[in-house]
Every structure is written in C-alpha cells, then in structure tokens.
Amino acid sequence: MKQVVSYNNGWFSNTRSDILSGMTVAIALIPEAIAFSILAGVSPMVGLYASFCIAIVTAFAGGRPGMISAATGAMALLVGSLVLSHGIEYLFAATVLAGILQIVMGLLKLGRFITFLPQPVMTGFVNALAILIFMAQLVHFEGQGWIMYTLVALTLVIIYTVPRLTKAVPSALVAIAVVSVLSIVLHLDVRTVGDMGTITSALPVFHLPSLPLTLDTLLIILPYSLSLAVVGLLESLMTATLIDDITGTGSDKNREAKGQGLANIVTGFFGGMAGCAMIGQSMVNMKSGGRTRLSTFVSGIFLLFLILVLGDVVKQIPMGALVGVMIMVCVSTFEWKSLTSLRRVPLSDALVMVVTVVTVVATDNLSIGVLFGVLLSALSFAWKIASIQLSVHTTASVTTYRVSGQLFFGTTSHFVNEFMYDSDPAQVIIDFSRSHVWDQSAVGAIAKTMDKYAALGTKVTLTGLNEESARLVQRVGLSPSGGH
C-alpha cells in the first residue's frame, strides 16, 4: 500500500527511515560519482563534490522530497568533449551557466510541460533506465571470478530476506555491511570502491572558474550549458513524476527546476560537475524507506562524512555488494506488467513504448529516447485526429452537411472536397455541432467552400459552431483567403 503524504511534509515525519535510507544512498553514490567523473575526464573528487553539493542544496530547494540528485552519467557524457578541448575550468563555468538557465526555466514555469509526456513514453523511460542501470553493472564483472558472483548473489539474498525478519533497517544497508565485513575479514581478492579511483579526504572549497570573461568564452560554454540544462531538467522532472506515482504524492515541478538550477550553480563554484536527479539512487532511497527531505540531506552529509572520515573504510567496500544493490533497483524499477499488457494496449502505444526503450538503450541517452517517443506519440495522435467525416441529409430544397471530427490544417483538403457543389439545392446548411474549428487554415477552408457555393448562387448557413470556434471564425473572417 502506498504511503500518501503531501510533498510539503515535514523533515522529521519519517526520521528513522530517512536517516538510514540516506546513509544507504550515500554509500551507493560513491562508485557512481567516481565512474561518472572518469566518464567526464575529470578527477573522481569532482563527481564526489558535485554529489555532496547537489544533494544538500536540493534537499532544501528542490520540489520533490525524497528524490536524490547528484552527478549523473547523462550529464557527464555531455561535457567530456568540453573538458578535453578546453579544460576543467570551462566545465565549472558551463555548470554555473546551466544552473542559471534552469532557474530561468523554472521562473518561466516550464516544469508543467512534463505533463505532456504520454504514459507509454514514461513507461519506456522507466524500463530503459532499468536496462541501462543493469548494463552499467556488467563492467564490474569483467576479470572477476566466482567470488564476485557469490558476493552479488549473497547481497541479493540478504536484500530480499531481511524484510521478512525486520523492517527496522534498510535491507540494502544490511547487505552492504555484511558483505563488506565478510570481504574484509576473509581478505577476498575482489574489486573494491578504492579500485574505482582516488578518494581524497578534503573539503570542497569555493572557487571562481579561472577563465577569460569574454564573449568567446560565453559562445564556447553556452551550447554545453544549454544541453546540460535541458537534459538535467528533463531527467529530474521525469524522475520526480515516477516518484510521485510510487509514493502517491505530488511535487512542485517548477520549484524542482529552480532547485536543480541553484544546486548546479553552487556545485560549479565548489569544484563540482553538473548533475540532476538520479533515478537509480532515488529508487534505492524509496526502497529503503526514505520519503522526506531529510533523506536527501542525510545522503549528502553522510557522503561527505564517508569521504573525510571513513575514506579508508569506504575504499574496502567490495563492488559486489554495490552491484547487488543496483541489480535490486533494476528489478524493482522495471515495469514488468508493461510486458504482459503489450497485447492489450493500442498498437500505437505499444510501439511508442518499445521505440523509447530501444532508442534509449541504443544511444545510451535518455533524452534522445524520450524525444523519439514523444515525436512518435505526436505523429500517432495527429494521424488519429486527422480524419473528418461529413454526413449528408437532403430534402427537396435543403441539403444539410453534418461535420464530425477536428477541422484544422490537416483535414481541410478532405473537408473542401466532400461537398457536392453542382448537385446541391439552392440552400445548404453546414452543421459543426460535432466538430471544432482550430486554426486559420480551417477558417480558410470554410470560406473557400462558401465561395464555391456563392459562385453557383447557393446560400450557405453555418450552424452548431461552439463558442471558441465561432470566435475564431469571426476574428479571422470568411474571405476565401482567410483574411478580412
């Protein structure tokens, strides 16, 4: 049963679960942040600092309690070429500018456009993300033996067994602790967090990007910043929508946009890379019982604690434990019911979902997959509504045409050609009570039809126009060109 709470719920309404789930998330964030740093071509500390800063800021300023935001792979992919060609200072500047753009998007209330995403696209997004998270774990098995597989299996057993015994502690946290202790005590020869990259016990410090403040600099970073802003906002809002569904609560999407922007500005000034919401870590938080802003805050604070105080211990955590946790996330994230419902839903919806999944997995880019899904949904919708029918009722002196369907630029040609101009009597009635007139092209088509009848001496009467359609017809005018 879903826990129904308002998105404005207090910080301490779920304290125990939030603290424990935040700690679990923090441990799982470390290898991800390091991996994304390497992907972007920067020091592992850049990703770790980013994850700390972004988590702390979004805990206060974000619009979706319980969602985890940090350095992500999607953002890292976008900035790799910038770091390679211009250096890390340009990365910091691009991150700050991306944050400013996201705040502007929030002020313009662009967050509401997430509601335009069709359900098949959302389902495809979730399923593709589960597949990508799973595929990202496979690299950790390379060069490893049976011990790695055993640790992953043990982690999964603990994760699914502990909730049957107690729900006082997140099962993922128990699994990480138990498997880590076994690995350290038995001196197992397996890959650890320390093998992912160097972790330095140092606080992030304020740093102004060192680069020339010129128009050329702006032109270099603007394309990257715009991409970071759009991709980051899209992933964050889609993740927020997913968590809304899981928890049965709402969230403020425009506040989330501004919160993400502020977080990226802060991380850019503290030596971090751009980030956004992380669906994998957010799902870890949800599955571990995290619900309020406290869980997000704890994940950031505990991450810093791990770096500064427990760095030597963290380095010994076996990757098998963290891989097991992420596999659990994949299994729970994937919409398994969507596979059995493929035969029941309309073919167009099934196709949109499949195309979204395939595109995301093939390109390793969530934004491209979502864009393809939305475009395909739009084309499918346009195809469905781009049909209009005219039923005819004729008496000795009057012919009535009843229009059914949407009259817009896509149906105007068919509309004009459906009338029997030469054989109709001296009076024609066009009934729009089952139709809607949408644009200037539609008004122009009506005007063209009336002009053809006028040339034959036939009187045309329009009836049934709803208020909005009548207002548009009056405003545009019924000359054949659609003008006054």
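**Note on a predicted model**

1. In strand β6, Gln427 has Lys459 as its bridge partner. This contact belongs to a set of five bridges between strand β5 (residues 427–437) and strand β6 (residues 459–463), and the two strands run parallel. Strands count as paired when DSSP finds at least two bridges between them. From β5 the chain passes through helix α18 (residues 440–455) to β6, a β-α-β crossover that is right-handed. That term applies if, with the strands pointing away from the viewer, the path from the first strand over the helix to the second runs clockwise.

2. The model is predicted: local features need pLDDT of at least 70 and side-chain atom pairs count only at pLDDT 80 or more, while totals for chains, interfaces and linings use all residues. Residues are numbered from 1 along each chain as its sequence is written, and side-chain values use heavy atoms, with hydrogens and water left out.

3. The chain as a whole has 19 helices and six strands, which are DSSP runs numbered from the N terminus (helices H or I, at least four residues; strands E, at least two). Along the principal axes, its C-alpha atoms fill a box of roughly 100 × 60 × 45 Å. Of the 484 residues, 53% are buried (under 20% relative accessible area; exposed is over 50%, and partly exposed lies in between, with a 1.4 Å probe and protein chains only). Among contacts (heavy atoms within 4.5 Å) with a separation of 6 or more, 84% join residues 24 or more positions apart.

4. Helix α18, part of the crossover described above, contains Thr449. Is Thr449 buried or exposed? Thr449 counts as buried because its relative accessible area is 0%. Apart from residues up to four places away in sequence, Thr449 touches Phe415, Val416, Phe419, Tyr421 and Ile430.

5. Phe297 lies in helix α11 (residues 293–308). Because its relative accessibility is 24%, Phe297 is classed as partly exposed. Once neighbours within four places in sequence are set aside, Phe297 is in contact with Trp11, Ile56, Ala59 and Phe60. Between the C-alpha atoms of Phe297 and Gly248, which are 49 residues apart along the chain, the separation is 22 Å.

6. Rolling a probe the size of a water molecule over the atoms shows where empty space is left. On a 1 Å grid over the protein atoms alone, a cavity is a set of points where a 1.4 Å probe fits but cannot get out, and lining residues have an atom within 4 Å of a point. Points are joined across faces, edges and corners, and the volume is the space filled by probe spheres set on them. The count is one cavity of 30 Å³ or more, and the largest cavity has a volume of about 40 Å³. Thr58, Gly62, Arg64, Met67, Ser69, Glu256, Gln260 and Thr296 line the largest cavity. By class, this lining has one nonpolar, five polar and two charged residues (nonpolar: Ala, Val, Leu, Ile, Met, Phe, Trp, Tyr, Cys and Pro; charged: Asp, Glu, Lys and Arg; polar: the others, Gly among them).

7. Lys109, in the loop between α4 (88–107) and α5 (119–138), has a positive phi of about 60° although it is not a glycine. Lys109 counts as partly exposed because its relative accessibility is 48%. His187, also not a glycine, has a positive phi of about 55° and is found in the loop between α7 (171–185) and α8 (215–247). With a relative accessible area of 70%, His187 is exposed.

Key:
1 Å grid on protein atoms, 1.4 Å probe; cavity = no way out; pocket = protein on both sides within 12 Å on 5 of 7 lines; lining within 4 Å.
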